Amino acid sequence: MKEKTFVQNIKFKLPIFAVLATCIWIFAGKAGFPIWWQIEFVSFALVGLIVFIILDLPALAPEKKNRDWVVRLLGTYAVGSVLFISITNQLPQFDPQVEIDKLNKPPIKIEGLAGPEVIAAGRVVFEENKCFNCHKVFWEGNSDRGPNLGTKQIGLYSEDYIKKQILDPRYKQSPGYEDPKSKKAMPTYYGEDLDEGQLTALVAYLKTMRDPTNIPVEGKYPDQWTWWDDETILKEGEVVFNGLEPATEGLNCSVCHGKDGIPMMTGALDFRNGENKDTDKIPGDHYEGPLKDWPDELWYKRVTRGVPETPMAPWGTIFPHLYLWKAEAYARTFHDPLDKRTEKRPVPPVPTKEEIERWKTEGLFLDPLL
Amino acid sequence: MTIKTRESVMEISKTTRKASPFFTVILGLLLVYGLSHFVPATTSNSWTSFVSGPQLAFADEDDEFEDEEFEDEDEEEEGDEGSSEEESASTEGEAGAEGEAAEEEEDLSYLTDIGPAKDHKYEEFTFPWIGNRKGVWLAAQFHILFASFILGCPMFVVIMEVMGARRTQGVRKAIILSNVFLGVLIGVTIGIIGEIIVGVHHGVLYGMWACAFGALAVSFMNYFHKCMEMRSSILVGGVFGAFMAIILTPGGGEHVNWSGYITAVVNGMVGGMLSNMIMFAKADFKFERLAHEITKVIGICYSFTALTGGLFILVMVVAYKDFISYLLQSFPILFMIAYPTLFILETVVMYIYVYSWDPLNKSNKKGRHIVFGVILNVLGLSLLCALDGPATFMQTPPTPLGELTNISEWDRIATATWMPLNYHRLVGNGTFGGYCVGIIAAYMYLWSNTKEEKEYYDWVGYMGNVIGVGIMIPLPAMGYIFVREIYQYDATIGMYIMSDRESMFMLVQGLLVGTMFTASNIYMWVSMKRIEGAQRFFPFMKIGFVLIILAATIWFTPRRFFATMMPEPGMNEAMVLPDNLAFLALMVSKNTAAFALVTITLINYIFYTIATKTGKIHWGKINPLGIYVLIFMGFADIWLLSWMGTIRELSRMNWHVYKVFKDVTPDKFTPALADAGLFVTEIVWGFFIIMTGIIWLGIKYPKMKKTKAEAPAEATPSVAE
C-alpha cells in the first residue's frame with residue numbers, strides 16, 4: 001500500500017474539515033444548541049480530523065539509537081499528560097470554597113425563624129437534598145425526570161398533601177409520570193433524612209411555587225398539557241363550580257353563572273358565549289379581547305380578586321386557589337366544550353427569572369409571602 | 001453449660017462403671033474440672049460466637065446465671081446506700097461498709113496509667129506540600145495500582161500458561177480446574193450483562209453455575225477423550241450446565257424463569273465450547289514464554305503492593321488516626337484474621353508459583369504449576385472481595401444506621417454495593433492486566449535488538465491489546481450496575497456523581513473511554529498494515545472511525561456546561577441544553593453511544609482476526625506508531641482507573657463513612673477538577689516510572705545478563721569437528 005506524504009494526507013482532509021466544521025456550527029446553532037455545544041461539536045470534528053490524519057500517516061522510521069525511543073516514549077507520555085491535564089483544566093470548574101462555606105455553616109434550625117427566613121431555609125433544604133436533580137422550579141434546574149414544581153404549581157396544594165407526597169412519593173403519581181421508571185424514581189428515605197424542622201421549611205418553600213399568570217401544567221416534557229384540557233381537572237372543577245366541593249363550602253359559581261351556563265343573575269358573565277367581553281367596572285383594568293381569548297392571568301385575577309360592587313367577591317381571599325383554577329378550567333367548557341376541541345391549548349413557555357420578579361413587584365399574588 | 005457437663009459425666013460414668021467405679025469417679029471429676037475450665041465463655045464479643053453462631057442450647061442457664069449475678073450486685077448497691085444513710089447500723093454492717101469503702105478508695109490507677117505519655121500533646125502532622133488528603137490519596141492510589149496489576153495479570157497468565165503447555169496427562173488434569181475457573185469468570189460476566197440488558201432474574205447465578213459446570217463436564221469428558229467434537233461439547237456443556245444451574249439457583253417463586261434458563265443454556269454452551277477449545281488447543285511456546293515473563297514482573301510488583309499497602313496504613317494512622325481506628329474496629333475479624341491469613345497464603349503461593357516455574361517444567365510437572373496458578377487467582381480474588389467490604393461499607397453502610405454496631409461483621413461486609421464493586425473490579429483488573437501486558441510488550445519491543453525478539457514482542461503487544469479491549473467491552477455494564485445500586489441505596493450519592501460536583505469528573509471519564517476505544521482501533525488499523533491483504537477492510541473501518549467519533553461526541557455531550565447541579569457564583573447559568581435537545585444528555589443516548597463504540601470495536605476486531613487468518617502477518621514489522629499507541633493506551637487505562645477511584649472516594653462527600661463518620665478535617669471538600677486531574681497525572685507518572693524500572697529489572701536485565709554470559713562462550717574458538 002502506497003503511503004501518502006503529509007501534504008497529500010491533509011490535502012483533502014483540511015478542506016473537508018473546514019466545510020464540515022462550518023456546517024456543524026451553523027446547523028447546531030439553528031437547532032438551538034448554545035455556543036458551548038457548538039464549540040464541542042466542532043472540537044470533536046477536529047478530533048476526527050486528527051484521527052484520520054493519524055490513520056494515513058506514513059510509518060514512523062524504526063528507532064536506531066536509544067535516544068530515539070527515549071524521546072518518542074517521553075513524547076507519548078507527554079501527549080497523554082498534556083491531553084488529560086488540558087481536558088481537566090479546560091472543562092468547567094467549580095470553586096471548592098463554595099462547598100467549604102456550605103459545609104462550615106451551622107445546621108438549619110427553624111425555631112425562631114419567621115416566614116421569609118423559613119422559606120429561604122427550605123430552599124437550602126431543597127438544594128442540599130439535590131431535589132433540583134429531578135425537579136425544575138420554573139426556569140431553574142435542568143432535568144425533566146420529575147415534574148417542574150413551578151409550572152405544576154405545587155404551592156397550590158395543601159401543606160399536608162405536600163408533606164405526605166415528600167414522605168411517600170408513591171402516594172399519588174403526578175399525571176404523565178406513570179411509567180415504571182418514573183414511578184420508582186423518587187427516593188423514599190426523606191422521612192428518615194429530614195427532621196421536622198427541615199421538612200416544615202421545605203414545605204414552606206414549596207408552597208411558594210405558584211404562577212399568577214398561567215394555569216398549572218401537567219405531564220412530562222414534551223407530552224405536556226394545561227389544566228384547561230385536563231379531563232380529571234374539569235370534572236373536579238365542575239364539582240367546585242356547582243358548590244359541591246367540601247373544601248370550598250360556601251362557594252357556588254352556578255348560583256350566578258348557572259349550572260348549565262345560563263346566567264341566573266343579571267350582569268353575570270355568560271360563559272357560553274366566547275365573544276363576551278371583560279367587565280368595564282374596574283377603572284384602568286379592562287381587557288379588550290373576547291372571553292375565548294382571555295389570558296390565564298385575567299381568569300385568575302377576576303376570580304381571585306373579584307369585581308368590585310358586584311356579587312363577584314374576591315374569592316381568592318377566602319378559598320384555596322387550587323380549587324379556583326379548577327373551577328375556571330370548567331367554566332371555559334361552556335363556550336369551548338372539551339369534546340369539540342380539535343387541539344389542546346398551547347403549553348405556556350416556562351416563566352423566566354425576570355417574569356417571576358415582575359409578579360412580586362407588581363403584586364400579582366394576594367399572599368405577601370409569595 | 002453445667003447441664004451439658006453433667007450429662008457428659010453421666011454418659012461417661014455409664015460406660016466406665018462396668019470397668020471400675022473408682023476410675024469412673026476420678027475420670028468424672030477430671031472431666032468436670034476440665035470442661036468447666038476449658039470451654040470458652042459464650043459472650044457476644046468472643047470470636048467463637050462469630051464462628052459457631054449463637055448458642056441457644058445454654059441460653060436459659062446462662063440467663064439465669066447472669067440474672068443471679070446482677071441481683072447480687074443490686075443487693076450490694078442497695079446495701080451500700082443503706083449503710084451510708086443509716087448511721088445506726090450493726091457492727092457487722094459497719095465493718096462491711098468500711099471494708100467496701102476502703103476498696104473504693106484503693107488507687108487502682110497504676111493499672112491504667114500509661115505514664116508521662118498521657119500528657120504529651122504533639123502537634124498534628126500535615127504532609128508537606130501536598131497535605132494529608134493527598135498524602136493518603138497518593139499512597140492508596142499506588143497501592144491499588146500495584147494490587148490491580150498483581151490481581152489482574154495472574155488471571156490470564158494462567159490461561160496463557162495453559163495455552164502454552166504441552167498436553168500431558170497432568171496438564172490435562174489441571175486444565176479441568178483452570179477451565180472451571182475460567183467458566184466462573186466468564187459466566188459471571190455474561191450473566192451480569194444478561195441481568196442488565198435483558199433483565200434476567202438471577203442472571204449472574206445462572207451464568208456462573210452453568211458456565212462453570214458446563215466447563216467441568218466437558219473438560220472431564222475431554223480428559224477421557226470423550227465428546228471431542230466441538231458440537232457435542234457445546235451440547236453437553238449447554239445441557240449439563242443448564243441442568244446444574246437450574247438446580248443450584250434459587251427459584252423465582254411461582255413464575256418459571258425462562259430468561260434465566262436461556263441464560264443458563266447459553267452459558268453452559270459457552271463453557272463447553274471454551275473448554276473444548278482450550279483442552280485441544282495446540283500448545284504454542286509463545287504463550288508459555290509470555291506467561292513466564294509476566295510472572296517475573298508480578299513477583300516484583302507484589303513486593304511493591306505490600307510496600308505501598310504498609311505505607312498507606314502508616315499514612316492513615318498519622319493523617320486520619322481516629323477514622324482508621326474506627327474502621328479497623330468495625331472489621332476486627334477481617335483485618336486481624338482473614339486478611340492477614342489470605343495475604344500470607346497468597347504470598348506463599350505466589351512465590352511458589354514464580355519460583356517453581358522452571359523446576360516443575362523440568363520435572364515435567366506442569367499440571368501442578370497450573371494448579372498453583374489457579375489457587376493464586378482464587379486467593380487474589382478472595383482478597384479483592386474481602387477488602388471491597390470495608391470500601392463499600394464506607395460508601396453504603398448497611399441501614400438502619402443506628403443498628404450498625406448490633407449487626408454481624410459479615411453484614412457490615414456484604415453491603416448493597418459489595419457484589420457490584422466486586423464484579424466491577426474483577427473485570428476492571430482484567431482490563432488493567434491486558435493493557436499492562438501491552439505496555440510490557442511495547443517496552444520490550446523497543447529494548448529488543450534482534451528480529452526474533454521484535455517479532456515475539458510484536459505478537460505479545462497484539463495479545464495485550466486483545467485481552468485489554470476484550471475485557472473492557474463488558475466493563476461499562478459493570479460500572480452501570482455499581483452506580484445503579486448506589487442510586488438505590490441513596491440517590492443523593494448518585495446525584496453527586498452524575499449531576500453535581502462530580503459531573504465534570506464523569507465527563508472526563510466519558511472522554512477517556514472514548515479516547516481508549518479510538519486508540520485501540522487505531523492500533524488495530526496500524527497492525528493491519530503489516531498483514532497482507534488486510535487493506536481490503538480499510539474503507540469499512542474508516543466508516544467505523546466516523547461512527548466512533550460520533551458516538552464519543554454523544555457520550556461526552558453534557559446537559560450543562562457548569563460544574564455543579566445548580567450554578568454557583570461566577571458560573572454561566574445559561575449554559576444548559578434546551579429541553580428539546582436534552583435527550584442527547586440522557587442515559588438512553590449515552591447507552592446507545594457506548595453500545596455503538598463497543599460494536600464498532602468488535603467489528604474492527606473481527607476484520608482484524610479475519611485478516612490474520614487469511615493473510616500473512618509480518619510480525620516485528622509493525623509501524624512503531626503502534627508500539628507507542630500501546631503505551632498510550634496503557635497510560636490512558638491507568639489514568640482512567642485512578643480517576644474512577646477518585647470519583648468513587650469523593651462521592652462520599654464530607655463523610656468517611658457515609659452519614660456515619662463525618663470528615664471534619666480541612667480536606668473535607670471535593671477538590672477542583674483541574675487540581676484532581678493534575679494530581680492523578682502525577683501519580684500515574686510515578687507509577688510508570690516505577691513500572692519501567694520493574695519491567696527492566698524483571699525481564700530485560702536477566703536477558704542482558706544471559707547474553708553477556710553467553711557472549712564469551714560464543715567468542716571462544718570452537719574445536720574443529
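Modeller: Happy to! Let me start inside chain B, where I150(B), L151(B), P154(B), M155(B), V157(B), V158(B), E161(B) and V162(B) of α6(B) meet I370(B), G373(B), V374(B), L376(B), N377(B), G380(B) and L384(B) of α15(B). By class, this contact between α6(B) and α15(B) holds eleven nonpolar, three polar and one charged residues. Please keep in mind that the model is predicted.

As for the geometry of that pair, helix α6 covers residues 131-164 of chain B and helix α15 covers residues 366-395 of chain B; their axes come within 9 Å and cross at roughly 155 degrees. Angles over 145 degrees count as roughly antiparallel, and α6(B) is therefore roughly antiparallel to α15(B). The crossing of these two helices, α6(B) and α15(B), is left-handed.

Helix α18 (residues 451-472) of chain B and α24(B) have axes that come within 11 Å and cross at roughly 35 degrees. The crossing of α18(B) and α24(B) is left-handed. Here G461(B), G464(B), N465(B) and G468(B) from α18(B) meet I627(B), L630(B), M633(B) and D637(B) from α24(B). Sorted by class, the contact of α18(B) with α24(B) has three nonpolar, four polar and one charged residues.

Between the chains, 65 residues of chain B are in contact with 56 residues of chain A. On the chain B side, α20 (491-498), α21 (503-528), α22, α24 (624-650) and α25 (673-715) each supply at least two of the residues that touch chain A. The helix that gives the most to this side is α24(B), with eight residues. By class, the side of chain B that touches chain A has 42 nonpolar, 14 polar and nine charged residues.

One helix pair lets us see this meeting of chains residue by residue. Helix α2 (residues 35-55) of chain A and helix α22 (residues 538-556) of chain B have axes that come within 10 Å and cross at roughly 150 degrees. The two helices, α2(A) and α22(B), are therefore roughly antiparallel to each other, and their crossing is right-handed. From α2(A), the contact is made by E40(A), F41(A), F44(A), V47(A), G48(A), V51(A) and F52(A), while α22(B) brings F545(B), I549(B), A552(B), T553(B) and F556(B). By class, the contact of α2(A) with α22(B) has nine nonpolar, two polar and one charged residues.

Chain A is divided into domain 1 (1-56), domain 2 (105-214) and domain 3 (226-347). The C-alpha centres of domain 1 and domain 2 of chain A lie 45 Å apart. Chain B is divided into domain 1 (1-39) and domain 2 (139-166 + 283-705), and 61 Å separate the C-alpha centres of these two domains of chain B.

Strand β1 (residues 217-220) and strand β2 (residues 223-226) of chain A pair in the antiparallel sense over four bridges. A hairpin of two residues joins β1(A) to β2(A), and E218(A) has W225(A) in β2(A) as its bridge partner.

Definitions and conventions
Residues are numbered from 1 along each chain as its sequence is written. Chains are lettered from A and ligands numbered from 1 in the order in which they are written. This is a predicted model: local features need pLDDT of at least 70, side-chain atom pairs count only at pLDDT 80 or more; totals for chains, interfaces and linings use all residues. Axes are lines fitted to C-alpha atoms, for helices over the stretch in contact, and angles run from 0 to 180 degrees between N-to-C directions. Angles under 35 degrees count as roughly parallel, over 145 as roughly antiparallel, 65 to 115 as roughly perpendicular and the rest as oblique. A crossing is left-handed if the near helix is turned anticlockwise from the far one by less than a right angle, and right-handed if clockwise. Two residues are in contact if their C-beta atoms, placed from the backbone, lie within 7 Å. Ala, Val, Leu, Ile, Met, Phe, Trp, Tyr, Cys and Pro count as nonpolar, Asp, Glu, Lys and Arg as charged, and the others, Gly among them, as polar. Two strands pair if DSSP finds at least two bridges between them. Domain bounds come from an automatic or database domain assignment.
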